[in-house]
Amino acid sequence: MHIPDGYLSPQTCAAAYVVAVPAWAIATNRVTRVVKTRNVPTLAVLAALSFLVMMFNIPIPDGTTAHAVGAVIIAIALGPWAAVIAVSVALLFQALLFGDGGVLAFGANAVNLAILMPFVGYGVYRLIAGRAPLTSRRRIAAAAIGGYVGINAAALATAVEFGIQPELFHTASGAPLYSPYGLSQAIPAMLLPHLTIAGAAEAILTGGVLAYLARTDPARLAATHRDVPATAGEPAPAGGRRLTPARVSLGFVAVMVLLTPLGLLAPGGAFGEGAPHELNLGQLGLHAVPAGLAEYNGFWSHTLLSGYGFHDGQHANLAYILSAVIGIAVVAAVIFGVGTLVERVARRRRGTDPVAEPETA
Amino acid sequence: MDGSEPGADDLVFSCRDLRYAYLGRFPALDGVSLDVHKGEKVALLGPNGCGKSTLLKILDGLIFPDGGTFTAFGQPVTEDNLEDEQFSAGFRSRVGFVFQNSDAQVFSPTVREEIAFGCLQLGLPTGETAARVDDVLAMLGIADLAERAPFQLSGGQKKRVAIASVLVMNPEVLLFDEPTAALDPRTQAWLIELIADLSAAGKTIVLATHDLDALDVIADRCVVFAEDHTVSRVGTPQQVLTDRELLLRANLIHERSRVAL
Amino acid sequence: MGGTVQASRTPDWLLRGEPGLCRCGPAGIRRKGSFVEKTLTGGADLLRQVMFSEEIAGRPGLLQRLDPRLKAVSLVVLLVAVGLVHHVGTLVACYALTLLLATASRLPLAFFIKRVWLFIPIFSGIVVLPATLSIVTPGEVVLPLWHWHGAPQGFTAQGLTSAALVISRVATSVSLVVLLTLTTPWTRLLAALRALGVPRIFILIIGMAYRYVFLLLGVVTEMYEARKARTVRARRNDRAARGFVAASAGALFGRAGHLSEEVHLAMVARGYRGSPRTLHAFRLRAADAVAAVVVLAAAVTIYGGDVLVGR
Ligand SMILES: Nc1ncnc2c1ncn2[C@@H]1O[C@H](COP(=O)(O)OP(=O)(O)OP(=O)(O)O)[C@@H](O)[C@H]1O
Ligand SMILES: [Mg+2]
């Protein structure tokens, strides 16, 4: 799933950096504040671990390979911001050490695997796990599902980035300049192996490691599980912010809305024609136009004006926005529905048996 | 508990009734008391898992006892005290620790950076740090390894780097955790000589070891632990080495082994 | 826990000789290595390659002489220029340029080419192949293969152009990155990133993570070898390997956690309090200024030339 250089246009890569750089800044800030000295060695070892996990390419029947990432289990153990840093470092190694390239595409890879994946996976985990005890089967299942959903969210984002390339960037005669597959081909091609093999690998990894840690070394999970009882008998410590279905759905919508402009920030998009200050940067959580973006602007508009016509491009963008809105709404609704259902079932069980915590698997 | 009780003003470490359990479940120390005086060489002996490494970590202010008191240089060492910038810097520059696992201790990308790490953290200027690093590299005979990465080093070389990274800070007290384990005989002999030299230069040394051969060179006083995480005996190397019963109990010798004295 | 080992506790069956659970001669059944084994061999290769790169980075060559910061910035500039190109011809010219640079930097050319192209066919070749067909990339069919509703279907000019563009662009981009990583010692590269404004804490994490990749790789290899030595007969290799991965991941995570704890203590023991300090100095030289001008000129030429050829 790691994107090498040459598959995405430099414009798309720049857009991805616009999302990734603030995320890195926040992550650095957060992580240094939360755990003072312990963070550096822990993050370093986790980054090394994530790199190793990515090295284990599992063969899949179509002849290519898929791999797990480990972003969700890191998010579960240390919080999603820690996962942002650890997986980003692992991706940097992938780009520089393995020489797979991916220097321009580093931002895009980070957005997919180091930002989207841990947040989505962690959100799903928190939602499903609720307040189940650390060692309960429900919590382990929640981790597995979180891993599964997380890696598929990343695969979907990767597919969308690939898929918008041929529409937006092609030669005058219509030959795609970068990744040649449109959305309708890229999405199934990416999702199929991830819904099956890689998703299963990530689910087993996430659930398995959580089960191992909860059993042997619950102290390692303390940072993210303060309000969770260790075993079924213990009462849950009070306090801590609760993740309700509504909050998770909203979080999902926010993340996806942030990601949607990825394709549109690129030239050919509705914004592409304008100067950078016309971009809705407030929405991206940015208050100043990044210097790099401002610099590229000259490049962009030039490419645009002399290059391919806009007419078909604009329709594609409209369709893209529309499908994005519908897609986000549907998925958010599903998350909300499933979350509410899980909560209700959990509450009912708790109602019938007030002493023991529920153990839904 | 202690045999020798000279003046209290040359006391480096003073431990009273230390208790420590990992994760609150696995006991490692169960009521250990120990005084270490300036310029002394103390060896901690005992079977695997008796708590030697744990005691050294407490002496270095890395973990804090669940019960009992620990004072260093006349000041109580607690988690709270070490939060204090000045106390922490003072304590860290006066006490150096060579870990049992050099892979954990040698964490920087190159040998040079590894050795410079401590001095830079304690605020020594870059120029002086660089000069000191060069001196230590030369002294330990690893100048040619300076730009290498740790994964390109052998176990013995890594140990030298770990020792260099501690010596460069010129601490008054040196803690060694099984310094001679996994070293070839020549490097072992070199290290034992180094410890003797450091001691002659006035450093205080506390080390954990299973090595009886060099005990009388590297220790003035031995503290023998029992399997129940308590101190079973304190004495000179001579006293300990002649007490066959004690050595057997501490797993330091086997029924069939003979101690050459 | 401890205790003196007593010979009498040894179970009888261990002291008795046994003819072996299986016969020791060959039976003619061979299994290919599982993906775990391949990955571990890959890991060993990685280590060897890293050592080799360090050796190359020490040779007196053109790129080795330049300031790492300049090289890093130039890499990005050239990657963007290469990324904006529309013609296969321009890309091929750029690729030729990377070969020239490799020679000037005393890289073994065969190694350099192999390093780049070994990776490309797997990743790009197969992936891009279907895109040459009209079902993926519609356009002018140059080589009809079959007919569908009367229309010829097959390779299209657009599809072939696109495939050539992707492959040559990937090859050139990878070559540029490999040029940087092969001619710059890893620690200098890290220092350059630091000098270019990457936060110190990131640099520290990257440096340590790099160090521990190899250590953990060693741990996995050991676990795998220990297991393999005990495995008498596996049913199917990949399935057994998947089992191994699942079983060892938890243990590895535990080991890694333990290791990070220890490293943390080792750092604290030497005065680390959360804000790392590092030892680095850079000096730009005249050669670097010249190189900067050359790189900029090259980037402008690549992009400008490509625009001039026509869009
Ligand atoms: N991180 C840990 N988690 C749980 N228990 C631990 C941990 N580290 C040590 N222990 C336990 O604490 C006890 C004391 O360990 P310690 O490392 O101090 O022993 P030691 O005397 O140094 O042994 P050795 O000679 O093998 O190095 C042992 O029983 C050990 O199992
Ligand atoms: Mg020990």
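Donors here are N, O and S atoms within 2.8 Å of the metal, and water is not among the atoms, so a site may look incomplete. With that in mind, welcome to a predicted model in which the magnesium ion (ligand 2) has Ser53(B) and Gln100(B) as its protein donors.

**Magnesium site**
- Gln100(B) is partly exposed, with a relative accessible area of 39%.

**Helix α8 of chain B**
- This helix covers residues 185-200 and spans 23 Å between its end C-alpha atoms, close to the expected 22 Å.
- Its buried residues include Leu191(B), Leu194(B), Ile195(B) and Leu198(B).
- Viewed down the axis of α8(B), the buried residues fall within an arc of 155 degrees, so they line one face of the helix.
- Pro185(B), Arg186(B), Glu193(B) and Ala200(B) are exposed on the face turned away from that buried side.
- Among the elements covering the buried residues of α8(B) are β3 (41-45), α6 (126-139) and α7 (155-167) of chain B.
- Just after α8(B), Gly202(B) has a positive phi of about 100 degrees.

**Nonpolar cores**
- The largest core holds 203 residues, and Phe93(A), Phe13(B) and Leu44(B) have the most contacts inside it.
- Helix α8 (residues 200-230) of chain C gives the most to this core, with 18 residues.
- Domains 1 and 2 of chain C both give residues to this core, so it lies between them.
- Another core, of 49 residues, lies apart from it and includes Leu45(B) and Ile115(B).

Key: Residues are numbered from 1 along each chain as its sequence is written. Chains are lettered from A and ligands numbered from 1 in the order in which they are written. This is a predicted model: local features need pLDDT of at least 70, side-chain atom pairs count only at pLDDT 80 or more; totals for chains, interfaces and linings use all residues. Side-chain values use heavy atoms; hydrogens and water are left out. Helices (H or I, at least four residues) and strands (E, at least two) are DSSP runs, numbered from the N terminus. The expected span of a helix is 1.5 Å times one less than its number of residues. Buried means under 20% relative accessible area, exposed over 50%, partly exposed in between (1.4 Å probe, protein chains only). The arc is that of the directions from the helix axis to the C-beta atoms. Contact means heavy atoms within 4.5 Å. Donors are N, O and S atoms within 2.8 Å of the metal (3.2 Å for Na, K and Ca); water is not among the atoms, so sites may look incomplete. A nonpolar core is a set of buried Ala, Val, Leu, Ile, Met, Phe, Trp, Tyr and Cys residues joined through side-chain atoms within 4.5 Å. Domain bounds come from an automatic or database domain assignment.
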